[in-house]
Amino acid sequence: MDKEYTVEYLPLFEQDVREITDYIADVLRNSAAADRLVDDVETAILKRAESNPTAYRKYHSVKDRKQPYYTIRVGNYYVFYVVIDNVMEVRRFIYAKRDLENLI
């Protein structure tokens, strides 16, 4: 890869992760699964940033966007990100069966 990418996490992404992992840990009473999910998400994001994050299929949205969205599938969840210059901006973390178009 010729270009190095920096990863930046938006507060909304961090809120999404916190809400999902709190639900898994507190409601489902499975803190080990919540911890594994956080580890898996971080690994997937960093792995994507090390490769060329724009070389993957774009997420086709009905909304007109300045930067195209890309996704990373982690278990039953999607990580949504955009690439701006050399920054991989991680924007959302959403359960795959939710209404994605209305959430991003």
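Analyst: Start with a definition: a residue is buried when its relative accessible area is under 20%, exposed when over 50%, and partly exposed in between. Keep in mind that this is a predicted model.

User: Why is Ala34 called buried?

Analyst: The relative accessible area of Ala34 is 4%. Buried means under 20%, so Ala34 is buried. Ala34 belongs to helix α2.

User: What does Ala34 touch, not counting residues up to four places away in sequence?

Analyst: Ala34 touches Thr21, Ile24 and Ala25. Contact means heavy atoms within 4.5 Å. As for Tyr23, that residue and Ala34 are 11 residues apart in sequence, and their C-alpha atoms are 8.5 Å apart in space.

User: How do you know whether Gln67 counts as buried or exposed?

Analyst: Gln67 has 17% relative accessibility. The limit for buried is under 20%, so Gln67 counts as buried. Gln67 sits in the loop between β2 (58-59) and β3 (69-74). Leaving aside neighbours within four places in sequence, Gln67 is in contact with Val82, Val83, Ile84 and Arg91.

User: Why does Asp40 count as partly exposed?

Analyst: Asp40, in helix α2 (residues 31-50), has 44% relative accessibility. Partly exposed is the class between buried, under 20%, and exposed, over 50%, so Asp40 counts as partly exposed.

User: Which residues form the negative surface patch?

Analyst: The patch is formed by Asp35, Asp39, Asp40 and Glu42. Asp and Glu count as negative, so the patch is called negative.

Technical notes: Residues are numbered from 1 along each chain as its sequence is written. This is a predicted model: local features need pLDDT of at least 70, side-chain atom pairs count only at pLDDT 80 or more; totals for chains, interfaces and linings use all residues. Side-chain values use heavy atoms; hydrogens and water are left out. Patches are made of residues with over 30% relative accessible area and no salt bridge: like charges are joined within 9 Å, nonpolar side chains (Val, Leu, Ile, Met, Phe, Trp, Tyr) within 5 Å. Accessible areas come from the Shrake-Rupley method with a 1.4 Å probe; for residues, only the protein chains shown count as cover. A salt bridge is a side-chain nitrogen of Lys or Arg within 4 Å of a carboxyl oxygen of Asp or Glu. The place of a charge is taken as NZ of Lys, CZ of Arg, CG of Asp or CD of Glu. Helices (H or I, at least four residues) and strands (E, at least two) are DSSP runs, numbered from the N terminus. Buried means under 20% relative accessible area, exposed over 50%, partly exposed in between (1.4 Å probe, protein chains only).
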